[in-house]
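I opened a notebook for this protein. The entries below follow the order in which I looked things up.

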Amino acid sequence: MTTLFLAAELTAYRQVPTSTETYDLAHELTLDALQGEVGDRITDPPQPGIKSLALSVAARLLTNPGGVRSESAGGMAISYADAQTGVILTEDERRRLRRSVGIASGAGMLDIAPEDIAPPVRVWRAL
């Protein structure tokens with residue numbers, strides 16, 4: 001199993017004590033979410049950029065597991081900047097993850113249609 005981050009790193013990142021059970025769950029859910037996006041392309045040790053991404057996903061999961069947007073009690077109110085439910089990667093996180101494992105993002109020039117079906121391509125040039 002690939003180790004994305006250590007329990008001590010998650011504790012230092014969140015600045016909140018993290019139990020072994022909480023670390024194990026956060027690590028497993030984060031790894032599952034990342035592998036769900038890029039499969040088995042994550043190496044051990046992970047490629048540059050993956051540890052910081054994984055720590056931010058795990059911290060978000062533990063900080064706001066229910067995806068609450070805001071809560072208040074008496075005169076105190078807390079608003080969360082990121083109110084996602086569960087372990088969901090943002091578009092920016094997906095892009096960073098794909099770049100880290102070498103998957104190109106954006107439009108490509110790959111045409112998978114058979115040659116007899118694909119329209120002929122003519123390049124127009126001014127004379």
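This is a predicted model: local features need pLDDT of at least 70, side-chain atom pairs count only at pLDDT 80 or more; totals for chains, interfaces and linings use all residues.

**Entry 1: the layout.** Which pattern does the protein follow when read along the sequence? I read the pattern as α-α-α-β-β-α. Residues are numbered from 1 along each chain as its sequence is written, and side-chain values use heavy atoms, with hydrogens and water left out.

I looked up the elements and found four helices and two strands. Helices (H or I, at least four residues) and strands (E, at least two) are DSSP runs, numbered from the N terminus.

**Entry 2: whole-chain values.** I looked up burial next. Buried means under 20% relative accessible area, exposed over 50%, and partly exposed in between (1.4 Å probe, protein chains only). The protein has 127 residues, and 28% of them count as buried.

The accessible surface comes to about 9100 Å², and carbon and sulfur atoms hold 55% of that surface. These areas come from the Shrake-Rupley method with a 1.4 Å probe, and for residues only the protein chains shown count as cover.

I then checked contacts, meaning heavy atoms within 4.5 Å. Among contacts between residues at least 6 apart in sequence, 65% join residues at least 24 apart.

**Entry 3: helix α3.** How many of the 14 residues of α3 are buried? I found 10, so the helix is largely enclosed by the rest of the structure. The buried residues include I50, L53, L55, V57 and L61. S56 and R60 are on that list too. I looked for what covers these buried residues, and the cover includes α1, α2 and α4.

I also checked the length of α3. The expected span is 1.5 Å times one less than the number of residues. For α3 that gives 20 Å, and the end C-alpha atoms are 20 Å apart, which agrees.

**Entry 4: the nonpolar core.** In soluble globular proteins, nonpolar side chains tend to be buried together. I searched for nonpolar cores, each a set of buried Ala, Val, Leu, Ile, Met, Phe, Trp, Tyr and Cys residues joined through side-chain atoms within 4.5 Å. The largest one has 20 residues. Those with the most contacts inside this core are L4, F5, L10, L34, I42, I50 and L97. At least two core residues come from each of α2, α3 and α4. The largest share, seven residues, is supplied by α3.

I followed L10 from that list. Leaving out residues up to four places away in sequence, L10 touches F5, T18, Y23, A26, L55, A58, A59 and L62.

**Entry 5: aromatic rings.** I searched the whole structure for aromatic pairs and found one. Rings of Phe, Tyr and Trp (its six-membered ring) pair if their centres lie within 6.5 Å; planes under 30 degrees apart count as stacked, over 60 as edge-to-face and the rest as tilted. The pair is F5 with Y23, with ring centres 5.9 Å apart and planes at 80°, so it is edge-to-face. F5 lies in the segment before α1 and Y23 in helix α2, so the pair ties together parts 18 residues apart in sequence.

Are these two residues buried or exposed? F5 is buried, at 1% relative accessible area, and Y23 is buried at 13%.

**Entry 6: salt bridges.** Side chains of opposite charge can pair when their charged atoms come close. I used the rule that a side-chain nitrogen of Lys or Arg lies within 4 Å of a carboxyl oxygen of Asp or Glu. The count comes to six salt bridges.

One of them joins K51 and E9, with the closest N and O atoms 2.8 Å apart. K51 is in helix α3 (residues 50–63) and E9 in helix α1 (residues 7–14), 42 residues apart. K51 is partly exposed at 37% relative accessibility, and E9 is partly exposed at 25%.

Another joins R94 and E37, at 3.2 Å between the closest N and O atoms. R94 lies in helix α4 (residues 91–101) and E37 in helix α2 (residues 20–38), so the pair ties together parts 57 residues apart in sequence. R94 is partly exposed at 25% relative accessibility, as is E37 at 23%. I also found a network of salt bridges that links E37, E91, R94 and R98.

D92 is partly exposed at 36%, and R95 is partly exposed at 41%.
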